[in-house]
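Good morning, everyone. Please have a look at the structure on the screen, and then I'll take you through it piece by piece.

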Amino acid sequence: MQDLVVLVADKNMQFALRGALGRPQALGTRPLTWDIRPHMGRDGGVRTSGADMLACDAGRFSHALMLLDFQGCGHEERETPLSLEGKLDEQLQRVWGSRAKCIVIAPEVDIWLWGSDRVLHEALQWSTEESIRDWLRHRGFEFDAAGKPLQPKEAIEAVCRRQKRPRSSAIYESITGRVSLQHCTDQTFQRLRAQLLAWFAP
């Protein structure tokens, strides 16, 4: 039996998780065996059918995670990310009990890329003296108190256009494969890491 199956909303999320799960020491967990699968229906598909899809794997994996972006899930006007997460947790627990968890990322997984300027600059081959964040501020992007853009996907797209690079999934894995995982300030990533630590302590 493998340790963990992860259902995610798209390839970018798949590669971001792959970069993080491939670093058990940085996460603080023991080494894991895992399988990450993107849902063809993206965020809305994970919300509506993800728990049913994962139910089929309850006998083959010891634990399950289900991840989706709040932005684009189809329920942004109806509830909060945490209330949606709670409802999806309930769906998972009917089959998995305490062995499964949903993480609703607010606003979207791109927020995880904005931890370290150094890692961002290296992954995106940024060589300009002006930092990426300053470059974005001068183009009208707003940032929260933690220094992360309020529109993280649009910000990374703007930087990729500036660098004449596609916004590929490989960028997500490159950044999460190098950024500090224990000091990430994003609340959704903190919940993810706390759950992994609870399940897979060294």
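Let's begin with Asp57. Asp57 sits in the loop that links H3 to strand E3, residues 61-69. Keep in mind that this is a predicted model.

Is Asp57 buried or exposed? Asp57 has a relative accessibility of 5%. The cut-off for buried is under 20%. So Asp57 counts as buried.

What does Asp57 touch, once we set aside its neighbours within four places in sequence? Its contacts are Val5, Arg37 and Trp96. Hold on to Trp96, please. That residue comes back in a moment.

Met40 lies between strand E2, residues 34-38, and H3. Met40 has a relative accessible area of 86%, so Met40 is exposed. Here is a distance to go with that. Met40 and Arg99 are 59 residues apart in sequence. In space, their C-alpha atoms are 24 Å apart.

Next, the helices. Take H3, residues 42-55, and H4, residues 81-96. Their axes are 9 Å apart, and the packing angle is about 20°. Angles under 35 degrees count as roughly parallel. H3 and H4 are therefore roughly parallel to each other. Their crossing is right-handed.

Which residues make this contact? From H3, we have Arg47, Ala51, Leu54 and Ala55. From H4, we have Leu84, Leu88, Gln91, Leu92, Val95 and Trp96. There is Trp96 again, the residue that Asp57 also contacts. By type, the contact of H3 with H4 has eight nonpolar residues, one polar and one charged.

Here is a second pair: H1, residues 11-21, and H8. Their axes come within 7 Å and cross at roughly 25°. H1 and H8 are therefore roughly parallel to each other as well. H1 passes H8 in a right-handed crossing.

Who takes part here? H1 brings Lys11, Asn12, Phe15, Ala16, Arg18, Gly19 and Ala20. H8 brings Ser169, Ala170, Tyr172, Glu173 and Thr176. The contact of H1 with H8 splits into five nonpolar, four polar and three charged residues.

Look at H7, residues 152-162. Its buried residues are Pro152, Ala155, Ile156, Ala158, Val159 and Cys160. What do they pack against? They pack against H5 (117-123), H6 (132-137) and H8 (169-176). Just after H7 comes Lys164, with a positive phi of about 55°.

Last topic: the cysteines. A disulfide is a covalent bond between the sulfur atoms of two cysteines. How many disulfides does the structure hold? The count is zero.

Take Cys73. Cys73 is in no disulfide, and the nearest cysteine sulfur, that of Cys102, is 9.7 Å away. For a disulfide, the two sulfurs must be within 2.5 Å. Cys73 has 2% relative accessibility, so Cys73 counts as buried.

Cys160 is in no disulfide either. Its nearest cysteine sulfur belongs to Cys184, 19 Å away. The relative accessible area of Cys160 is 1%, so Cys160 is buried.

Let me finish with a quick recap. Asp57 is buried, and Met40 is exposed. H3 and H4 are roughly parallel, and so are H1 and H8. The structure holds zero disulfides. Thank you.

Methods:
Residues are numbered from 1 along each chain as its sequence is written. This is a predicted model: local features need pLDDT of at least 70, side-chain atom pairs count only at pLDDT 80 or more; totals for chains, interfaces and linings use all residues. Side-chain values use heavy atoms; hydrogens and water are left out. Buried means under 20% relative accessible area, exposed over 50%, partly exposed in between (1.4 Å probe, protein chains only). Axes are lines fitted to C-alpha atoms, for helices over the stretch in contact, and angles run from 0 to 180 degrees between N-to-C directions. Helices (H or I, at least four residues) and strands (E, at least two) are DSSP runs, numbered from the N terminus. Angles under 35 degrees count as roughly parallel, over 145 as roughly antiparallel, 65 to 115 as roughly perpendicular and the rest as oblique. A crossing is left-handed if the near helix is turned anticlockwise from the far one by less than a right angle, and right-handed if clockwise. Contact means heavy atoms within 4.5 Å. Ala, Val, Leu, Ile, Met, Phe, Trp, Tyr, Cys and Pro count as nonpolar, Asp, Glu, Lys and Arg as charged, and the others, Gly among them, as polar.
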